[in-house]
Amino acid sequence: MTTLFRLFKFAWQDFWRNLWLSLVTILMIVLALMSVNTLLLFNVMTDTVIRSVEKNIDVLVYLKSDTTDEDAKKMTEELQKHPDVSHVRYITAAEALQEFQLKFKDKPALLSSLKELDKNPLPARIAVQASDPKLYGKILDDIAKTPAQEHIEKTDFTNYETLITSVNAITSKVRRIVLGLLILFVLVSILIVYNTIRVSIYTHREEIVVMKLVGASNAFIRLPYIFESVVFTLLSVIVSFGALYVLLLAIEPQLKAFFEGLDVNLLRYLEGHWYMWALWQFALAGMLNILSSAFAVNRYVRG
Amino acid sequence: MERRLKPAPTDYRMCPLSSVVEQRNRKPHTSVRFWQGALAMAGGAVLLLVLMITFEKVSKIYPGNSVALQDLTLTIDAGEFVSIVGQSGVGKTTLVKLLIAEERASAGSIVVGGWDITHIRASEVPLLRRQIGVVFQDYKLLPKKSVWENVAFALEVSGAPRERIAAIVPQVIKIVGLEDKLHRYPRQLSGGEQQRVSIARALVHRPKVLVADEPTGNLDALNSQEIIELLKRINAFGTTIILVTHNRGVVNTLKKRVITMEGGTIAHDQKIGKYVL
Ligand SMILES: Nc1ncnc2c1ncn2[C@@H]1O[C@H](COP(=O)(O)OP(=O)(O)O)[C@@H](O)[C@H]1O
Ligand SMILES: [Mg+2]
């Protein structure tokens with residue numbers, strides 16, 4: 001008990017008596033964590049942007065004008081059962097007209113020319129969303145094989161095909177770049193943090209030598225540095241998440257403007273996930289810091 | 001100005017039994033340890049009388065084929081005051097390092113009070129260090145700790161209870177005559193005073209042996225003389241003193257045993273010696 005208390009005391013004293021070095025060490029860990037976190041957030045952001053773009057894609061299956069409401073509903077149900085389809089919406093001709101009018105309400109010329117026609121020119125349609133944008137081709141092929149084919153006027157998949165492939169290409173490219181950057185950042189962070197800790201232990205070599213000289217046990221020499229590493233990590237994680245939060249709070253208006261119309265809210269995401277991230281980072285960074293300091297102390301304990 | 005060294009309290013070595021034996025018997029896990037322990041215990045009573053240090057044909061070759069000690073054989077009895085002299089590079093510091101197990105011998109054996117420390121395990125080194133106090137030319141004090149803290153540190157890191165620290169630290173600081181400078185930091189002390197702090201620190205475990213490697217190397221004549229007087233007084237309590245020195249005047253006035261080293265081994269060993277170089 002006395003021993004444990006004393007170990008804490010040493011770690012504590014050491015922290016304050018070498019305040020500058022402690023702060024620099026923490027700063028380095030904070031910067032490392034921040035850069036990793038920024039990148040992780042960027043990853044979350046691209047992910048949600050891509051997903052939200054994907055969500056906005058659908059394929060419209062235009063129905064022939066002689067298709068009955070009943071047939072259309074049956075077709076909708078059939079489509080809903082397709083394993084690759086995530087969402088199906090049947091839009092009647094009247095609804096289609098309404099949507100059209102709503103969409104072009106600032107274009108009175110267009111609307112008035114529409115009014116001149118005595119009947120609704122817009123066909124009924126079924127909007128189909130795939131669970132994965134890659135699967136649209138397959139879904140449409142499958143529909144073509146069913147008896148429902150006779151009701152289909154046309155599909156406008158061709159318009160989306162290029163968009164879908166480019167979204168797919170961008171997605172995988174962005175993911176790869178982010179992953180590469182993340183690995184790079186983590187490696188650089190590890191190097192910087194390890195070296196900072198090494199420098200900090202180097203300034204303690206005298207103390208370690210004296211401890212050995214006067215008969216301190218190995219645990220007594222090492223444990224204060226391990227406590228210190230844990231405290232450093234804890235403080236760093238708190239500071240880095242605090243800073244990230246404040247940063248996001250500051251640029252929230254800009255972010256909102258930038259992602260107008262998309263379902264992207266980093267702040268909300270961080271609020272919902274920070275403790276998981278913090279826990280992981282505390283565990284990993286803590287391990288890294290403990291190993292670094294144990295390794296650095298080793299040089300002076302041996303010999 | 002004269003700095004008087006007050007007579008020390010007589011009880012600074014209160015513990016009656018050899019703590020070499022006590023401490024080593026705390027963890028007799030293996031049978032080897034058990035027999036070592038049993039032997040040491042049996043020898044305990046005898047130990048009190050003859051806490052002997054024996055170097056038997058010891059050689060030390062550093063990496064890079066640098067021969068520091070060669071076939072050195074040496075016996076130091078309990079309570080002796082031995083000076084070790086010799087030119088630079090003859091292996092004096094190496095001898096000290098082997099004795100406190102900072103280095104391991106390349107050949108031969110080293111026994112301290114019945115304990116063969118030739119191949120001592122890293123985990124047992126702390127126990128040895130509490131039996132043998134060491135003092136160096138550069139004091140090795142921690143600059144950010146006060147006199148009291150520097151001395152108490154040695155007990156704290158070996159897990160001594162608070163009451164024991166509170167009892168021993170003032171005693172040893174009194175022995176070296178620094179009781180009115182308890183809260184000074186090393187940079188606020190003269191070289192001689194710093195060396196006295198380091199001696200006080202070396203005494204906290206009530207060691208049977210005190211090794212001083214050129215303790216007066218950085219001090220002027222007056223301060224050197226005071227340190228030597230202090231060592232003599234500690235020796236008078238019964239502590240073996242091993243003094244490595246370059247200081248001709250010190251050796252010649254001591255009129256104690258002098259071992260002269262040359263080329264990693266012993267050239268002369270005189271009961272009442274002189275500095276012969
Ligand atoms: N760590 C070491 N590595 C290699 N050679 C060493 C080392 N320490 C000492 N030596 C060599 O061993 C010899 C004895 O050194 P030392 O014991 O320090 O002598 P002294 O204390 O008498 O001046 C010298 O030649 C020195 O160069
Ligand atoms: Mg030397």
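Which polar backbone atom is 3.3 Å from an oxygen atom of ligand 1? Select Val90(B): the backbone atom belongs to this residue. The model is predicted, with local features needing pLDDT of at least 70 and side-chain atom pairs pLDDT 80 or more, while totals for chains, interfaces and linings use all residues. Residues are numbered from 1 along each chain as written, chains are lettered from A and ligands numbered from 1 in written order, and side-chain values use heavy atoms, without hydrogens and water.

Next, show Gly91(B), where a polar backbone atom is 3.1 Å from a ligand oxygen. In Thr94(B), a side-chain N or O atom is 2.5 Å from an oxygen of ligand 1. A polar contact is a pair of N or O atoms within 3.5 Å. Alone, ligand 1 exposes 550 Å², of which the protein buries 63% (Shrake-Rupley method, 1.4 Å probe).

Now move to chain A, where 4 strands form an open antiparallel sheet in the order 2-3-1-4 (strands pair if DSSP finds at least two bridges between them). Strand 2 (85-91) and strand 4 (152-155) of chain A are at the edges with a single partner strand each, so one side of each has no neighbour in the sheet. Select strand 3 (residues 125-130) of chain A: its antiparallel pairing with strand 2 of chain A runs over 6 bridges. Within strand 3 of chain A, Ala127(A) stands opposite Arg89(A).

Methods:
Polar contact = N/O pair within 3.5 Å; in protein donor to acceptor, adjacent residues only side chain to side chain. Helix = DSSP H or I, 4+ residues; strand = E, 2+ residues; numbered from the N terminus.
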